[in-house]
Amino acid sequence: MVTHFCLGVVVLAVLATAVADPDIKVVCAKDSVRVTWRVAPQFVPYAARFFLGNCMPSTWKVLPSGEGEASFNYKFFDCRFTKQLKGKHVIYQNQLSFRPQSKPKPAIFTYPIQCVQKLAEEKVPQFLNPGSGVSEGHSKLVFHMELLNEQLTGVSKTNVIPLGSFMPIWAAVEQKSHQPLVLLMDECVAASTPELHPGSQVYPIVGNNGCLLESKRGSSLFLPRYHSSAIILYLQSFKFGMGGEVYIHCNLIVWDGDYLDQHRKACHVKDGRWELLDDPMRHSLCNCCETSCNPRTKRAADWESLSSHFNSMLGPIIIVDQPDSMANASLLDTGAAQSKKRVDLS
């Protein structure tokens, strides 16, 4: 057994050395990427161990030279690409990996893939430009919550969401004279009614003081912030209220400063563990997401007086299995699909 173990270590070491100088070509398109990875003949038996994110090669062929060529041709919503808004650019990121052994054994080689796209000037909405507002010096706040389109470039024109696709939910607070402000989703639930009552049937999305519970059940996550006063919940649609009207109710919290603790945080499951959105190095603040993030400490109670709460509702949203029959449906013009209200900062 010792001999086999040592031999395996030697083989892995040889493979790691051989793949250290890769021949990789990346072509970024508008909504997809094409990656070509040419490898030496000794890697041909490991054709199924090359990955882009969690995707295997679209095609694999052995060249006349004996080398192997893995081609990945995927959309940005495949393969667990991450999407980040930075100024007027959208950045899609992923990584190639060679994993000769199955998980939980680590990959012996990784290579970053990044595609950067510039948003068209006329398509950059006001809410994605934090410098576009004018501070007015009042003690009131204006909250917003909207359903964004798939490209995250503006408000969605439809409220019909295919099951399993993503709903980008944007929440923000106008800073005015209170700068900087930090906005968090303390609690969010889905319900079948625009008003919540004691007996309402609800589906928990965010709970336990900012823990994205839905990220444990699927691929939902908080997207990287473009500004502290806004947050985007990239929510994967679910079966609750299928075919009927669904309303998202959120308790938003804002306060002066960037103080974070177990009761003021944004946490989601990423790469199999809870991670703090605003500082992944402090992921320990999310440990309580598996248990309970109460009771409050005295320090948290002191900060409570500096925070402001706002209950916001987004809807109606209609989640469907067969979206074609409702493809022309659009958001109602009643204002029920958005939220805007002034509240005092207490």
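Me: Is cysteine 28 buried or exposed, or partly exposed?
Reply: Cysteine 28 counts as partly exposed, because its relative accessibility is 39%. Buried means under 20% relative accessible area, exposed over 50%, and partly exposed in between, with a 1.4 Å probe and protein chains only. Keep in mind that this is a predicted model: local features need pLDDT of at least 70, side-chain atom pairs count only at pLDDT 80 or more, and totals for chains, interfaces and linings use all residues. Residues are numbered from 1 along each chain as its sequence is written, and side-chain values use heavy atoms, with hydrogens and water left out.

Me: And which cysteine forms a disulfide with cysteine 28?
Reply: That's cysteine 115, with the two sulfur atoms 2.0 Å apart. A disulfide here is a pair of cysteine sulfur atoms within 2.5 Å. The S-S torsion is about -80°, so this disulfide is left-handed.

Me: What about cysteine 115, buried or exposed?
Reply: Cysteine 115 has 1% relative accessibility, so it counts as buried.

Me: New topic: how many disulfides are there by this rule?
Reply: The count is 6. One of them joins cysteine 188 to cysteine 250, and its torsion of about 115° makes it right-handed.

Me: Are cysteine 188 and cysteine 250 buried or exposed?
Reply: Both are buried.
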